[in-house]
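Here is a protein model to explore together. Have the sequence and the 3D view open, and follow along one region at a time.

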Amino acid sequence: MNEIRAIKLHNSLSGKKEVFQSLAPGRVGMYVCGPTVYSDVHLGNCRTFVSFDIIYRYLMHSGYKVRYVRNITDVGHLLDDGEDRMSKGARLSQLEPMEVAQKYTVGFHDIMRILNTLPPSIEPRATGHIPEQVEMVKAILDRGYAYEKNGSVYFDVIKFARENPSVYGQLSGRVIDELLAESRENLKHQDEKNHPADFAIWIKASEEHIMRWNSPWSVGFPGWHLECSAMSTKYLGKTFDIHGGGGDLKFPHHENEVAQNHGSCGCQPANYWLHANMLLLNGRKMSKSEGNTISPVELFSGDSPFISKGYSPMVVKFFMLMAHYRSTLDITDEALQAAEKGFRKLMETNKLLQATSIPARDFDGSESDTDRAILALIDDAYKGMDDDFNTAIALASLNEIGGYVNKLVNKQIAESDIAPWVLERMKTAFANFIYDIFGLQDESAGAADGTVEGLMRLVLDIRASAREQKDWTTSDKIRDALTEVGIQVKDGKEGVSWSKQ
RNA sequence: GGUUUCUUGGCCGAGCGGUUAGGCACAGCUCUGCAAAAGCUGCUACAGCGGUUCGAAUCCGCUAGAAACCUCCA
């Protein structure tokens with residue numbers, strides 16, 4: 001797959017599906033809002049990053065060179081009491097803020113690795129880009145879209161929205177009238193801001209605030225929305241191709257981000273905005289603050305009241321792939337069990353397929369109906385991905401192809417019904433989708449080293465002899481013992497095979 | 001209260017005007033010493049009420065229910 005494919009994607013900016021057109025031919029710049037590292041990542045984060053990992057992988061698979069930037073937020077989020085999240089975490093656990101950030105960054109990377117997502121091309125930290133953020137505040141001030149009050153700088157949303165009515169609110173669908181209406185309601189909470197809709201881009205640090213930097217306005221720290229504007233600009237340019245993130249970031253974060261970029265350079269930061277939908281638990285959004293949450297580790301271990309047992313990382317990933325990234329996905333124990341079975345079946349089918357060969361024969365130039373059906377299914381899988389990265393469609397197609405694989409292996413369809421080159425296409429397509437595009441891993445692969453293979457061959461040979469002599473007691477004893485250690489014995493027409501559960 | 005989105009068979013979940021999505025579960029059958037695995041078959045749904053259309057799960061309206069956002073959030 002080296003030629004560039006035509007890909008359609010849903011652009012939150014227009015609310016429509018559009019044909020993707022990169023700014024530079026064959027190259028894509030993509031920015032995705034990363035995690036705030038003040039506690040362990042939760043699953044919701046993971047779904048978003050898995051979704052964008054698939055998008056990243058598919059763009060590359062489709063022939064693009066992609067620069068994928070995903071930040072680490074290690075400063076800037078305000079709590080209700082105005083204390084920075086990072087410094088609060090530090091206070092509680094008696095650690096330096098950077099120690100907290102480091103600890104949870106490492107944990108985040110571990111989970112991302114376990115889920116077999118590719119690391120981004122660049123993973124910039126907010127604290128590593130204070131000068132860039134200060135520069136951006138200056139630029140916004142210069143262009144008159146911000147004002148200073150007591151050492152803090154605020155973005156003038158009302159002024160910006162009035163002068164750029166087609167820009168502010170485009171992403172979230174919010175309008176100025178609405179903002180003005182809200183203002184009366186919230187007026188009593190008014191602080192230094194001229195208007196409640198305004199937001200801080202530089203905040204003067206209180207005395208006990210640990211994270212602080214010099215700036216022309218005060219010793220302080222940058223506002224939350226600013227880091228993404230500054231870092232995307234630095235690494236991808238003022239205007240780049242794709243900006244992604246969780247759907248709950250649309251407002252205010254992304255809307256404000258657009259405003260900042262516009263406010264500093266007068267240009268649109270990203271041509272396409274992609275939003276991954278929420279992961280639900282019990283039909284509600286998973287939320288750290290509401291305790292309605294299950295962590296990746298708990299999900300893997302089964303140590304959670306919400307599930308009956310643990311589910312492996314690849315099962316969890318497969319579960320996410322069964323739904324489209326723009327749909328909400330509800331976690332239930334039953335759905336996870338279905339995913340577990342589905343995942344194992346797909347991987348088993350792949351193993352069978354890759355081990356299958358059919359005698360070479362002269363290609364007579366004709367395709368059988370089976371050939372055509374299989375080729376159409378492979379095409380469907382790609383078309384599904386081309387259509388806004390519809391992994392559910394791609395999986396459905398792979399499952400259908402899997403049916404043919406099993407039939408071929410079981411001799412329910414003749415070898416002569418499948419052209420050798422079609423079989424090769426099947427192998428390639430399966431491998432491409434499973435490993436390159438979905439980034440799935442065979443979790444039982446580790447067990448199949450030489451020693452285990454040898455032992456298994458010995459054990460199964462003994463069982464085969466017992467069966468020849470109709471010694472069912474011995475045969476079943478072996479089978480039951482293997483089942484107990486999680487190895488399934490499969491008696492097929494073409495002999496015995498086994499797999500680890 | 002405002003904004004937006006959603007409501008698909010036992011469960012999860014595709015679908016973007018005309019086709020069996022797919023997975024899981026369940027039942028029957030084939031294979032099998034038995035079982036498992038695998039295959040085949042069945043289960044054929046679109047919240048309700050109207051409307052548009054030759055034709056609607058898909059478009060429009062109303063009603064009911066749910067969720068997200070409006071405040072930190074992936």
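## The chain as a whole

Buried residues account for 51% of the 501 residues in chain A. Keep in mind that this is a predicted model. Chain A contains 16 helices and 15 strands.

How do parts of the chain that are apart in sequence meet? Take the contacts in chain A between residues at least 6 apart in sequence: 73% of them join residues at least 24 apart.

## A covered strand and its partners

Let us start with strand β9, which spans residues 240–246. This strand is mostly covered, since seven of its seven residues are buried. Here "buried" stands for a relative accessible area under 20%.

Which strands pair with β9? One of them is strand β3 (residues 27–32), which pairs with β9 in the parallel sense over three bridges. To find this pairing in the 3D view, look for valine 32, which stands opposite glycine 244 in β9. Strand β10 (residues 270–276) also pairs with β9 in the parallel sense, over six bridges. Here you can look for isoleucine 242, which stands opposite tyrosine 272 in β10. As a reminder, strands of a sheet pair through backbone hydrogen bonds, either parallel or antiparallel.

## A three-stranded open sheet

Next, find the open sheet of three strands, whose order is β12-β11-β13 and whose pairing is mixed. The edges are taken by β12 (284–285) and β13 (329–331). Each of these two has a single partner strand, so one side of each is left without a neighbour in the sheet.

Strand β11 covers residues 279–281, and three bridges join it to β13, with the two running parallel. Within this pair, leucine 280 stands opposite aspartate 330 in β13.

Now turn to helix α10 (residues 313–321) and helix α11 (residues 333–355). Their axes come within 8 Å and cross at roughly 100°. Angles from 65 to 115 degrees count as roughly perpendicular, so α10 is roughly perpendicular to α11.

Which residues make the contact? On the α10 side they are Met314, Val315, Phe318 and Phe319. On the α11 side they are Ala335, Leu336, Ala339, Glu340, Gly342, Phe343 and Leu346. Sorted by class, the contact of α10 with α11 has nine nonpolar, one polar and one charged residues.

How many disulfides does a search of the whole structure find? The search finds one. A disulfide is a covalent bond between the sulfur atoms of two cysteines. In this model, the disulfide joins cysteine 265 to cysteine 267, with 2.2 Å from S to S. The torsion about their S-S bond is about -90°, so the disulfide is left-handed.

The cut-off for a disulfide is a pair of cysteine sulfur atoms within 2.5 Å. Cysteine 228 is in no disulfide, and its nearest cysteine sulfur is that of cysteine 33. Are these two cysteines buried or exposed? Cysteine 33 is buried, with a relative accessible area of 6%, and cysteine 228 counts as buried too, at 2% relative accessibility.

Methods. Residues numbered from 1 in each chain as written. Chains lettered and ligands numbered in written order. Predicted model: local features only at pLDDT ≥ 70, side-chain atom pairs only at ≥ 80, totals over all residues. Heavy atoms only, no water. Buried < 20%, exposed > 50% of the residue type's maximum accessible area, 1.4 Å probe, protein only. Axes fitted to C-alpha atoms, helices over the stretch in contact; angles between N-to-C directions. Helix = DSSP H or I, 4+ residues; strand = E, 2+ residues; numbered from the N terminus. Parallel < 35°, antiparallel > 145°, perpendicular 65-115°, else oblique. Contact = heavy atoms within 4.5 Å. Nonpolar A, V, L, I, M, F, W, Y, C, P; charged D, E, K, R; others polar. Pairing = 2+ DSSP bridges.
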